[in-house]
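Q: I have a model open and would like to talk through its layout. Could we start with the sheet and then turn to the charged side chains?

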Amino acid sequence: MNVSSVLNQSASQAVEPLNVADRCDLCGARAYMRAVLMNGPLLFCAHHGKANLEALRAQALRIDDFTDQLD
């Protein structure tokens with residue numbers, strides 16, 4: 001996981017990894033990013049996660065970036 005991409009996460013919080021069953025909420029591709037918002041998480045493929053990253057940073061409690069798992 002890209003440590004610099006995880007926002008507002010304390011050392012005591014365990015981050016559940018994404019797996020192949022987790023899908024992007026926009027296009028259905030495999031999810032590699034999770035944005036945890038006040039009303040729940042949103043999952044994004046690498047493309048949509050990066051395309052919306054600035055807006056997500058403004059609203060998310062935490063962003064988990066697993067794009068380093070891409071081949």
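Q: In what order do the three strands of the open sheet lie?
A: The order is β2-β1-β3, and the pairing is antiparallel. Strands here are DSSP runs of E with at least two residues, helices are runs of H or I with at least four, and both are numbered from the N terminus. Two strands pair if DSSP finds at least two bridges between them.

Q: Which are the edge strands?
A: They are β2 (40-44) and β3 (62-65), each of which pairs on one side only. Neighbouring strands of this sheet are turned by 15 degrees against each other on average, direction ignored. For that angle, axes are lines fitted to C-alpha atoms, for helices over the stretch in contact, and angles run from 0 to 180 degrees between N-to-C directions.

Q: How many bridges join β1 to β3?
A: Four bridges join β3 to strand β1, residues 33-37, and the two run antiparallel. Within this part of the sheet, Val-36 stands opposite Arg-62 in β3.

Q: Before going on, what kind of model is this?
A: This is a predicted model, in which local features need pLDDT of at least 70 and side-chain atom pairs count only at pLDDT 80 or more, while totals for chains, interfaces and linings use all residues. Residues are numbered from 1 along each chain as its sequence is written, and side-chain values use heavy atoms, with hydrogens and water left out.

Q: What pattern does the chain follow along the sequence?
A: The pattern is β-β-α-α-β, from two helices and three strands.

Q: And how much of the chain is buried?
A: Of the 71 residues, 38% count as buried. Buried means under 20% relative accessible area, exposed means over 50%, and partly exposed lies in between (1.4 Å probe, protein chains only).

Q: Turning to charges, how many salt bridges does the structure hold?
A: It holds three salt bridges, a salt bridge being a side-chain nitrogen of Lys or Arg within 4 Å of a carboxyl oxygen of Asp or Glu. In one of them, the side chains of Asp-64 and Arg-34 meet at 2.6 Å, N to O. That pair links distant parts of the chain, with Asp-64 in strand β3 and Arg-34 in strand β1, 30 residues apart.

Q: Are those two buried or exposed?
A: Asp-64 counts as buried because its relative accessibility is 0%, and Arg-34 is buried because its relative accessible area is 10%.

Q: What else does Arg-62 do, apart from standing opposite Val-36?
A: Arg-62 forms a salt bridge with Asp-64, the closest N and O atoms being 2.9 Å apart. Arg-62 is buried, as is Asp-64.

Q: Where do Arg-57 and Glu-54 sit?
A: Both are in helix α2 (residues 53-59), and because they are three residues apart there, about one helical turn separates them. Arg-57 is partly exposed at 40% relative accessibility, whereas Glu-54 is exposed at 58%.

Q: New topic: what is Ala-46 in contact with?
A: Leaving aside neighbours within four places in sequence, Ala-46 is in contact with Tyr-32, Met-33, Thr-67 and Leu-70, where contact means heavy atoms within 4.5 Å. Ala-46 is found in helix α1 (residues 46-51) and counts as buried at 15% relative accessibility.
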